[in-house]
Amino acid sequence: MSAVNHARDRTVRSMFDRISGRYDLLNRVISFRLDSRWRGQVIKAVLHRPGPHILDIGTGTGDLVFDAAKASGGQGKFVGLDFSLEMLRLAQAKRQAFLHRASPVFVMGSAMAVPFKGNTFDGAMSGFVLCNDSDLPLLFGEAFRTLKPGARLVCLDMFPPSATWFSAIYSIYFHCFMPRIGAMLARDRDAYQYLSDSVRNFHPPESVARLIEEAGFQQVILRKFLTGAVCMHIGTKPEASVPRR
């Protein structure tokens, strides 16, 4: 299978290549630096085994996998997977200055055709990847395949928030002002308009939880932040997994 074989995937890859140089800055600005706190919740959930072998799906510039490697205390192995060459170049540049023992390695490839054997990883995680993916069942299926029995999948992403007073304020900010911020700081309004639209049109978090269960995961947990504008899903591969047809 080609690493990128879908028209939307090619468009998304090109977009992330374009905005890679300002991606980290925009994440901090747009999230008011809350993205670091949310990544910490992902890492706490995924590092549940000593000396783990962890896969970061859609690693981008590597922020999540670098933080996980630091949190492990130098124990374990960490792999960042992404299909954007420019993002991976920035991740590799960060790696040169990363002085911790568990330095991640980076691999170019698709989340829908993960280039690793089955039962390889003790955990898999992703940060703000799902709403950009063209085939969530395939992504979750690949995560299930490559995880060891008992391993966890932990995904963090943005969703339309629950209908409260906050959702109206959030909608104005995220769908009106965020693309303008992207235009000013990244000089690419189209990319951040796309990101805004992808969240607006994304599945509800409960539907994503069901897709994770349908991929074979059990004990699926949904945690909501900012009244559901950001959600974390946790699924566990059964200890004695039954082969799926």
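Visitor: How many cavities of 30 Å³ or more does a search of the whole structure find?
Guide: The model is a predicted one, and the search covers the whole structure. With 30 Å³ or more as the limit, the number of cavities found is one.

Visitor: Which element gives the most to the lining of the largest cavity?
Guide: The largest cavity, with a volume of about 490 Å³, is lined by 32 residues, and Gly58, Thr59, Asp82, Phe128 and Val129 are those that lie nearest its centre. Two or more lining residues come from each of helix H1 (7-31), helix H2 (34-46), strand E1 (53-57), helix H3 (63-71) and strand E2 (77-82). By class, the lining divides into 14 nonpolar, ten polar and eight charged residues. The element that gives the most, with six residues, is H1.

Visitor: Are H1 and H2 roughly parallel or roughly perpendicular to each other?
Guide: The axes of these two helices, H1 and H2, come within 7 Å and cross at roughly 100°. Their contact is made by Asn27, Arg28 and Ser31 on the H1 side and by Leu34, Asp35, Ser36, Trp38 and Arg39 on the H2 side, which by class amounts to two nonpolar, three polar and three charged residues. Because angles of 65 to 115 degrees count as roughly perpendicular, H1 and H2 are therefore roughly perpendicular.

Visitor: Which helix gives the most to the lining of the largest pocket?
Guide: The largest pocket has a volume of about 480 Å³ and is lined by 24 residues, with Ile30, Ser31, Trp38, Met158 and Phe174 nearest its centre. By class, this pocket lining has 20 nonpolar, three polar and one charged residues. At least two lining residues are supplied by each of H1, H2, helix H6 (165-185) and helix H7 (189-200), and the one that gives the most, with seven residues, is H6.

Visitor: Which strands are the edge strands of the open sheet of seven strands?
Guide: The open sheet has mixed pairing and runs in the order E3-E2-E1-E4-E5-E7-E6. An edge strand here pairs on one side only, and the two edge strands are strand E3 (105-108) and strand E6 (218-225).

Visitor: What is the bridge partner of phenylalanine 121 in E5?
Guide: Strands of a sheet pair through backbone hydrogen bonds, either parallel or antiparallel. Strand E4 (residues 121-127) pairs with strand E5 (residues 147-158) in the parallel sense, over six bridges. Within E5, the bridge partner of phenylalanine 121 is leucine 147.

Definitions and conventions:
Residues are numbered from 1 along each chain as its sequence is written. This is a predicted model: local features need pLDDT of at least 70, side-chain atom pairs count only at pLDDT 80 or more; totals for chains, interfaces and linings use all residues. Side-chain values use heavy atoms; hydrogens and water are left out. On a 1 Å grid over the protein atoms alone, a cavity is a set of points where a 1.4 Å probe fits but cannot get out, and a pocket is an open set with protein on both sides within 12 Å along at least five of seven lines; lining residues have an atom within 4 Å of a point. Grid points are joined across faces, edges and corners, and a volume is the space filled by probe spheres set on the points. Helices (H or I, at least four residues) and strands (E, at least two) are DSSP runs, numbered from the N terminus. Ala, Val, Leu, Ile, Met, Phe, Trp, Tyr, Cys and Pro count as nonpolar, Asp, Glu, Lys and Arg as charged, and the others, Gly among them, as polar. Axes are lines fitted to C-alpha atoms, for helices over the stretch in contact, and angles run from 0 to 180 degrees between N-to-C directions. Angles under 35 degrees count as roughly parallel, over 145 as roughly antiparallel, 65 to 115 as roughly perpendicular and the rest as oblique. Contact means heavy atoms within 4.5 Å. Two strands pair if DSSP finds at least two bridges between them.
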